[in-house]
Amino acid sequence: MSQEEELHAPDHGREDHGHEDHDHEDHAEHHDDAPLADLPPTPVHGYWKSLRELEGAAEFQVGRTGHEFPPEADQASKDPLSRRNFFQLMGASMALAGVGACRRYEKEEIVPLARRPEDQTPGITQQYATAFELGGVGHGLLATAFEGRPIKLDGNPEHPFASGGIVPGTARHAGASTFAQASILHLYDPDRSQSPTSNHGTGSSMEAVRAAFSDLRAELAKVHVLSEATSSPTARALRTELIGKGVTWHEYEPLSWDNERAGTRIAFGDRSLRPLAKLDRAETIVTLDCDIFIDHPAALLYSRDFARSRRQSGSLGIGKMNRLWTIESVFTSTGAMADHRLALRAEQGLPFAMALDAALAGGVSPPAEFLKESKVEKYLKVLVDELKQNKGKAVVIAGRRQPAEVHALVARINDSIGAPGNTLEYVEDPDGDRPAHLRSITDLAKQMAAGQVGTLIMIGGNPVYDAPADLAFGAALKNVKTSIHLHEYRNETSQLATWHVPRAHFLEAWGDVRTWDGTITVAQPLIAPLYGGLSAIELCSLLLGDEQNGQELVQTAHKALGHDAPWKQAVHDGFVANTRWSAVQPSLVSFQLPALSASQQGGSLRAANGELEVVFHPSSFTYDGRFANNAWLWETPDFMTKVTWDNYALVGANTAAALGLENDTIIKVKIGDREVELPCYTIPGQAKGSIGLVLGGGRTAAGRVGGTATRSVGWDTYKVRTTTGWDFATKATATPTGKSYTLANIQEHWDIRTGIGSRPEIVHDEVHVNAEGLDERLPELIRETTNKTLNDNRSWRAEEAEGFFNDLANAGNKDRPGEGGYSLFKEKDYQGHRWAMAIDLSTCTGCNACMVACQAENNVPVVGRKEVINNREMSWIRIDRYFKGSVEDPTVVHQPVGCQHCEQAPCEQVCPVGATTHSDEGLNDMAYNRCIGTRYCANNCPYKVRRFNFLDWNKEWREARNKVRRLLFNPDVTVRMRGVMEKCTFCVQRIQNAKIRTKAAVRSGGEPGTINGPMPDGTVETACQQACPTEAIVFGDLSDKDSRVARLHDDRRSYALLPETYTKPRNRFLARIRNPNPNLVALAPQQGGHE
Amino acid sequence: MSSADATMDPHHVEAGKAREAFRAVTRDVAWVAEAPRPHKAWLAALAVSLILFAGGVYSIYVLVTTGIGVWGNSNTVCWAWDITNFVWWIGIGHAGTLISAVLYLTRQTWRVSINRSAEAMTIFAVMCAGLFPLLHTGRPWFAWWMIPHPNDMQMWPQFRSPLMWDVFAVSTYMTTSILFWYMGMVPDLATFRDRCAAKGDAIRAIIYGSLSLGWRGSARQWHRYERAYLILAGLATPLVFSVHSVVSFDFATAQLPGWHTTIFPPYFVAGAIFSGFAMVFTLLIPARHLFNLKHIIKDEHVEAACKIMLATGMMVGLAYASEFFIAWYSGNLFERFTFINRAFGPFWWAYFLMVSCNVLVPQAFWFKKVRRTPIVIFVLCILINVGMWCERFVIIATSLARAFLPAQWSYYSPTRYDIGLFAGTIGLFFTLFLLFFRFAPVIAISEVKGAMPEAHAGKKH
């Protein structure tokens, strides 16, 4: 296959629209490699106007040779220095200079496409199914490419895992995690390693790498491989082959789900199983130290299923919704969604599971001391009652941090409440026999330290940075004579390894992965490797000595698995249907539990130094540190803390007060004899005596964004993570250092301690909140009520049906004729489309997927830590987070806010040059090149969604080394210059594209209609909507009364933000519905809304 | 003049005395411009002003080449020092117009001693003010798009925007003020011309001669001059009220709590006059001391101005109280919070300064002793200027910093470029004012003469 074809024609793409399969033939055969002069005279387009033309008269070769005049005309100027010849030479040398600079073109010569490939229209994007893997778990993706360069990643809406509609009316929908979406930024990262290096940094070449590998091949038995986790069937096949040849294989992930496997081995007698909850069937969901929306490998599936059963008219039936019970130490997005959250130290997950087990399955009861605590006692009692009532309709999920015993107990609890077969199923773990990650790396490090490892090949990963600190992996690596590290970046591990081999980005290489349920997912490349580089499977193949390219390898593995699906189909769809693992019915065995420590037995009030617990928490920015060079992720604020560009220690507000720790100061956390200094973030709702250390900061070789030897982003918390305290550590101390450090927090720029009547020792205190006037305005901004109210009181509405403000809001409503508006200006009468959005606060988990999607779609710039502190972040959609209630047990709501596209937009009225105006379809448009930057519009926007380009945020893309980054820009969206205002456009480029497509379809004989005529609901999807795993965001046309958005706008939960400003926003929120257990009202959040 | 004749005839005696008095006025005013060497204090002041101005020019350079990001403004507080300074400077200009036009029409003869410098102050203040709306735009090189002009882009300004109204209000104000000031100066420039010519200083005579537009002091010229002056005064009078009303619309027509209030036009006008008078006397109290003009700018004049400041200060105080009352009375929680936040929120210091300087400080003017002690008045005037600056800052920044949605709340602190530009405009203002003081008739000689008792000698009956 020619290089050119790899570039331009990934196999079996689908067009932006239609999604029909184009089974086009190989284009290569149409490309002529012969020089022009030798071409047969047949006109290239295949048609001919006359016989003479067909015979190939010279003058008819014009189109061929590109001569403006017949060749004879050119003969007249044979002077070597004529103007024409001079320019020809100049042009050719310029072009050749460009060719020479393109590394990826060097293998074969480039020939322009003589014919337009069947599925490509210049200016029109194509979409290809591909896949992404994180921590050994695959995610099916749909990549959008523009003229051969991928520009956006989304969930694959046809993938059987985690796809499919939630709001009735959508069939095709798939969310995508922030990491999956942002991973495209790494493709164009100029900091990626661009060539192999040997001897700790000396430049080398792929030939040298190949030579080194052929040396290794002779004695494979002495080779150790340390791989990051992978679910790839191809990699698995290669691994088996290598192990067969004597290679010792190790696998390590710093954020591992091995505890769950180990738990099932305890519970089911040495069977490694994977529990998969079916949340769409669950009426009661209990999560034990588990963030099912962000951190779980099945987070997308769980988000979707949770949303299905959370909706009032969802999978559980009309008027019913699930109830979420969350027991956790660190406040997570799951805790924010919970109806009942219990802040409990992670180490007390075991006694809590024991208590549930004792009450439901007759197991050993935890000590009375633990049960006596009033909060736990009450919570447990009501929870047990509910689980007993909801047998077969409830499920318990434990998180990765909890020890194996907890998972075993949870298995028994699930069994006792009839979950298996109903709300839960078990599938066989594909690698049931492999040693646990922690065990594997420990063994390897010991062997390395003892000098027993001669050759170590590391496939991905960064063990020097993220292996348990007590293993001293970096030091042990020095004992290894030959160490080879394959990675996209020359990271900390590469710097200590003797060889570094650049790894191809997943969009540059063939591969396959399995999603958490086992569905085989094929990853096809969209672009030839920009900087060279091998994929993991290619490296394995190289080691085996039978060097095959990725496609051959994946195809071979695919055939070996013996599935029915043809290869082409699998590549086109991105997955092989019906390959999910089948459920097994394991039977429980009895098991013993370890003795509880003193702090586990009770004393949740213990928060003294020396008795603290430290919980290691994955980063929402870098996962485990691997995305450290991703500016999009660093600038997407954490779901709960709203901090950007740093990791930190999470300390409960009361714990902080007791220990004298303050927000925005540096504290010292000490575990055993290891200590780390990092900033303190005091957060309400963190379990007492528990400190959350966020992982993934303090990289020293991540790249220019994420940290170099001289300048790090965040703080290295792996320094205190050891094999004995890997998930969480106990007996820790935390002391203030007296140094202060400002965290770039997008929500609390002001000094929280300067409010009226504030007590400086406790931030977020209720007194303080009252003083800020939040308690009276929040019920206006975030409307909420309970499921019970909604069911019992049929007349409940989120927005008062009658009332001063609402009369205003409804004035001019077509349903209430004769009531004119109260606006100063004539109100617009909309004839055609009326674009609108609805955001359901009930199902928004605050996962940030929309923020990253918007960033990628709309070329939203990144401003950096300093400018975030200056409150100049540019995100077009933000997620506001508010706490409510007490510091100990707060509730949290998330509210995504983008431009509300007011029909009576206050911004438009005040722009002196008319740079922001209203479209006939109700969009608030922004003409960047008309904007002079008075910023009055932003002042007059009640929602503060406008973003000003205070500086030239795109300056660095003009630097030569960063030019590659510009390939990522979405060509449909203007890159804004400094001094102009910008904001959410409702993805106007997608609306216009959809209109053009509709119009084109009409012209070519499709459904009749006009440009302003109706389009099928769902034709236009905004980027945020597309990414939302719970479909909390719905976009559409209000003029279509049956559209989802129109129905949602008519819903009684629907309300406008700040209706008294009479802006008539086109975005409406749907009130948040909570579903508290009536027997636990004391713990339930207060009911808001209007009853 | 023959003294013998004068002693004979009482009329002549009186006329002679009058002539002498008139001449004294001319001399006393003109010596400032004619002194071969400037006063040392003047030089020192000019040096300081020029340094400040240079700092301002550098700040502008950095601002225009780098972007608004060099300021402390943010997405929450989009306007801060820029518009605060704009409104403050515009307000300062107001006293000039008030003194020249309104007091002229109401025949307040005490105005003549100060109207020229007050008018000059107006113009210089409006020049400083005008810099801010221009420079605060993200792309100042396109600021001309705000001017309605036929163009092939087929674009037209958006007339619903109060910023457009500002463009018209301020440019009208600027034009009228310059015309008024310049026209009033023509007879005095002619006096300067004649004196320079008499001394043989040809260059100055030519310059002053061209500026005096051929003034010969004929009765017909005087007649037309008086007519035109009256007409211009009539035109300028509504501007006293309109300009700051229009500027206040920038805020009043917005929906932001703390801005959206109908009290703003009168409140802003009162505040403008208040701060304008304070600035006039901040300048004139040292000037009349330095240039020995105490017999022209008399203590009575200063006292009258103090009374005006007392009155306008109390109007401003009433406005503050009314805002609070309405915020409470409206029952609007956002409105109520905004005002509580102003007084007790993170910007409490600005609010505190504003109330103490604008409401409490002028209360001292109840006491005659204070009104007669220039140094005290000078200090109080500076305090009032500080207070009025804080008032604009409080209105603009505190309202923006904590608007409707708490998630977007923020704080504002200025950067060195904010401070540099503000200091630069102060430097520009004083540079221009010092130059004016040195080279132009700083007191309306002809008008002072007209207002002197000697001018009405013949009318004694």
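In the predicted model, the side chains of Glu492(A) and Arg699(A) form a salt bridge, with an N to O distance of 2.9 Å. Glu492(A) belongs to helix α20 (residues 492-496) of chain A, while Arg699(A) sits in the loop between β26 (690-694) and β27 (728-740) of chain A; the pair therefore ties together parts that are 207 residues apart in sequence. Glu492(A) and Arg699(A) are both buried.

A further salt bridge in chain A links Arg323(A) to Glu386(A), and the closest N and O atoms of this pair are 2.7 Å apart. Because Arg323(A) lies in strand β11 (residues 323-328) of chain A and Glu386(A) in helix α15 (residues 374-389) of chain A, the contact ties together parts that are 63 residues apart in sequence. Here, too, both Arg323(A) and Glu386(A) are buried.

In chain B, Glu303(B) forms a salt bridge with Arg372(B), and the closest N and O atoms are 2.8 Å apart. Helix α10 (residues 299-330) of chain B holds Glu303(B), and the loop between α13 (368-371) and α14 (374-401) of chain B holds Arg372(B), so this pair ties together parts that are 69 residues apart in sequence. Glu303(B) has a relative accessible area of 5% and is therefore buried, since buried means under 20%.

Some salt bridges share partners. One network formed in this way joins Arg236(A), Arg239(A), Glu251(A), Asp258(A), Arg261(A), Arg274(A), Asp429(A), Asp431(A) and Arg434(A). Over all chains, the structure holds 62 salt bridges. Side chains of opposite charge can pair when their charged atoms come close.

Between chain B and chain A, the count is one salt bridge. Arg935(A) forms a salt bridge with Asp82(B), and the closest N and O atoms are 2.8 Å apart. Polar contacts between chain B and chain A number 34 residue pairs, with both residues at pLDDT 80 or more. On the side of chain B that touches chain A, α3 (40-66), α6 (162-199), α8 (219-252) and α11 (333-344) of chain B each supply at least two residues. The largest share of this side, six residues, comes from α11(B). By class, the side of chain B that touches chain A consists of 38 nonpolar, 18 polar and six charged residues.

Contact between the two chains involves 62 residues of chain B and 60 residues of chain A. The area buried between chain B and chain A is about 5,100 Å², and carbon and sulfur atoms give 55% of that area. Within chain B, the residues that lose the most area to chain A are Asn75(B), Arg139(B) and Leu405(B), which together make up 15% of what that side buries.

The confidence of the prediction was also examined for chain A. Its mean pLDDT is 81, and 82% of the residues of chain A reach 70 or more. Residues 98-106 of chain A stay under 50, and the model has eight contacts beyond four places in sequence for this stretch. The pLDDT is also below 50 over residues 1083-1091 of chain A, a stretch with 27 contacts in the model beyond near neighbours in sequence. Where pLDDT is low, the predicted coordinates should not be read in detail.

Definitions and conventions: Residues numbered from 1 in each chain as written. Chains lettered and ligands numbered in written order. Heavy atoms only, no water. pLDDT = per-residue confidence, 0-100. Contact = heavy atoms within 4.5 Å. Buried area = accessible area lost by both parts, 1.4 Å probe. Salt bridge = Lys/Arg side-chain N within 4 Å of Asp/Glu carboxyl O. Polar contact = N/O pair within 3.5 Å; in protein donor to acceptor, adjacent residues only side chain to side chain. Helix = DSSP H or I, 4+ residues; strand = E, 2+ residues; numbered from the N terminus. Nonpolar A, V, L, I, M, F, W, Y, C, P; charged D, E, K, R; others polar. Buried < 20%, exposed > 50% of the residue type's maximum accessible area, 1.4 Å probe, protein only.
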